[in-house]
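This briefing covers one protein model. The points below are grouped by topic and can be followed alongside the sequence and coordinates.

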Amino acid sequence: DWDWNAAVELMPKACISPSPGKTHHADTRLGGQMIKIGIDAHGVGGNSFALGNETYFLNLIRSLLEIDSENEYHVFTNDPEYVITQVGHPANLKLATFGIRSQWVQRPVSVPWYAHQKQLDVLHFPFVRPFFTNSRVVVTVHDVSYEVFPDMYRLSETLRMKALVPWSCRRADLIFTVSQYARQQIHDCYNVPMEKIVVTYNAADQMAASRGQVTPPSPFDIPKPYMLYCGLIQPRKNIVRMVEAFDVFKCRTGLPHKLVLAGKMGWHSNELERKLASLQHRDSIHFLGYIGNPIPLVPLMAGAEIFAFPSIFESFAIPVLEAQTMGVPALVAEGTCFPEIYGDSAYYCDPLSVNSIAAAMETLVKDCSLRAELSRRGTERTRRYSWRNSAQIALGAYKQLAAERRQIAALTAKDRMVQS
């Protein structure tokens with residue numbers, strides 16, 4: 001079970017920020033001195049699809065700015081207008097854009113040069129760090145699924161991640177990840193010391209504000225009852241088995257349920273198209289595509305009878321927590337991160353068995369009391385995770401790294417004075 005004190009034990013002992021629930025802006029600086037933090041948010045806004053990495057960085061930045069008004073946050077972005085609409089523009093937020101938008105130029109060249117010019121203490125990147133920088137470096141590695149299931153990714157993506165992420169993890173000063181499961185996987189795959197890996201859990205605060213409000217009508221013409229999946233449509237999400245299981249469920253029960261799939265079509269979707277063409281109840285499966293705006297997503301989630309997410313490999317699975325925030329019972333896969341993150345608040349199936357997924361669908365649909373109990377447990381479970389808590393942990397880590405950097409700089413300056 002996650003709590004603040006347990007999370008603190010997972011990071012090096014230094015400069016820990018105030019615990020959640022305490023408004024405390026005056027003591028966030030390092031020894032009374034402002035620290036400068038750079039965060040690579042090139043994937044936020046623009047043409048992004050609000051995937052896990054973008055959701056993580058956007059909400060982390062927003063929460064850091066809420067808890068810390070003293071230190072400077074230099075956010076590297078290709079879409080500054082979007083960032084401002086999402087997090088505001090407080091005085092300690094410095095938005096940095098570069099003429100060349102490609103991350104393959106920004107990360108190795110533009111960002112290190114900017115960090116040198118501005119004397120940034122810490123730089124925080126998704127997955128891959130730059131080759132050279134004088135700043136301390138944090139990388140967030142959400143998972144190593146490309147190591148465990150390389151066939152579920154494009155070959156080019158697998159090769160790129162396998163070449164750059166292990167090196168980045170070994171060269172980074174700290175690694176952030178989003179669950180204990182992912183932390184152990186990073187350690188096992190790359191032989192990185194466990195004490196170097198800090199868990200900053202995902203959350204669903206972005207949906208919590210909608211719970212209890214009057215739900216607007218859904219813009220989608222989908223008759224109830226329906227099951228819902230939200231997320232990227234790619235092989236490791238197990239969509240092929242899920243639609244086949246839904247077809248089995250329909251044939252067994254004859255119930256009027258629909259299956260709604262909301263998400264961007266990812267790589268290798270041709271297998272899904274072939275499977276759909278062979279299903280008896282293809283007309284009961286609806287594709288809505290990517291929904292970037294939370295306004296239509298809220299009523300869509302709130303109206304679902306079941307949220308189905310039998311993914312083969314996950315490190316957190318934010319959409320499940322978002323559904324639980326809306327009070328929707330969740331069907332998830334056995335294994336990977338699900339027991340750690342969701343415990344007894346979700347209903348489990350064997351993701352490799354079509355019959356197991358179909359049986360779980362049938363059980364949830366026919367058992368109203370079970371759905372009500374899972375809805376209650378799910379709502380309680382969401383309270384364990386908060387972007388604010390993760391921001392507190394991240395800030396504590398930034399302060400520790402900044403202290404180390406300044407200590408080394410002071411010793412170097414002292415040595416130079418002695419030599420001169």
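By class, 4 nonpolar, 3 polar and 2 charged residues make up the lining of the second largest cavity. The model is a predicted one.

**Second largest cavity**

- The volume of this cavity is about 40 Å³.
- A search of the whole structure finds 2 cavities of 30 Å³ or more.
- The residues lining the second largest cavity are D40, A41, H42, G43, V44, N53, E54, F57 and P126.
- Helix 2, residues 52-67, provides the largest share of that lining, with 3 residues.

**Second largest pocket**

- The second largest pocket has a volume of about 240 Å³.
- Its lining consists of 13 residues, and P235, N238, I239, V240 and E271 are the ones nearest the centre of the pocket.
- By class, the pocket lining divides into 7 nonpolar, 4 polar and 2 charged residues.
- At least two lining residues come from each of helix 9 and helix 10.
- Helix 9 gives the most to the lining of this pocket, namely 3 residues.

**Packing of helix 9 and helix 10**

- Helix 9 (residues 239-253) packs against helix 10 (residues 270-277) at an angle of about 10°, and the two axes are 9 Å apart.
- Angles under 35 degrees count as roughly parallel, and helix 9 and helix 10 are therefore roughly parallel to each other.
- On the helix 9 side, the contact is made by I239, V240, V243 and E244; on the helix 10 side, by E271, L272, K275 and L276.
- This contact has 5 nonpolar and 3 charged residues, and no polar ones.
- I239, V240 and E271 belong to this helix contact and are also among the residues nearest the centre of the second largest pocket.

- An open sheet is formed by 7 strands in the order 3-2-1-4-5-6-7, with parallel pairing.
- Strand 3 (93-96) and strand 7 (197-199) stand at the edges; each has a single partner strand, so one side of each is left without a neighbour in the sheet.
- On average, neighbouring strands of this sheet are turned by 25° against each other, direction ignored.
- Strand 2, residues 72-76, pairs with strand 3 in the parallel sense over 4 bridges.
- Y73 stands opposite L93, a residue of strand 3.

**Helices across the sheet**

- Helix 4 (residues 103-118) lies across strand 1 (36-40), strand 2, strand 3 and strand 4 (122-126).
- The direction of helix 4 is at about 160° to strand 4.
- Helix 16 (residues 387-419) lies across strand 1, strand 2, strand 4, strand 5 (136-140), strand 6 (174-177) and strand 7.
- Helix 16 runs at about 155° to strand 5.

**Backbone details**

- The peptide bond that joins K224 and P225 is cis, with omega about 0°.
- P225 is placed in the loop between helix 8 (205-208) and strand 8 (226-230).
- N191 is not a glycine, yet its phi is positive, at about 55°.
- The loop that holds N191 runs between helix 7 (180-190) and strand 7, and strand 7 is one of the edge strands of the sheet.

How values were computed:
Residues are numbered from 1 along each chain as its sequence is written. This is a predicted model: local features need pLDDT of at least 70, side-chain atom pairs count only at pLDDT 80 or more; totals for chains, interfaces and linings use all residues. Side-chain values use heavy atoms; hydrogens and water are left out. Two strands pair if DSSP finds at least two bridges between them. Axes are lines fitted to C-alpha atoms, for helices over the stretch in contact, and angles run from 0 to 180 degrees between N-to-C directions. Contact means heavy atoms within 4.5 Å. Angles under 35 degrees count as roughly parallel, over 145 as roughly antiparallel, 65 to 115 as roughly perpendicular and the rest as oblique. Ala, Val, Leu, Ile, Met, Phe, Trp, Tyr, Cys and Pro count as nonpolar, Asp, Glu, Lys and Arg as charged, and the others, Gly among them, as polar. On a 1 Å grid over the protein atoms alone, a cavity is a set of points where a 1.4 Å probe fits but cannot get out, and a pocket is an open set with protein on both sides within 12 Å along at least five of seven lines; lining residues have an atom within 4 Å of a point. Grid points are joined across faces, edges and corners, and a volume is the space filled by probe spheres set on the points.
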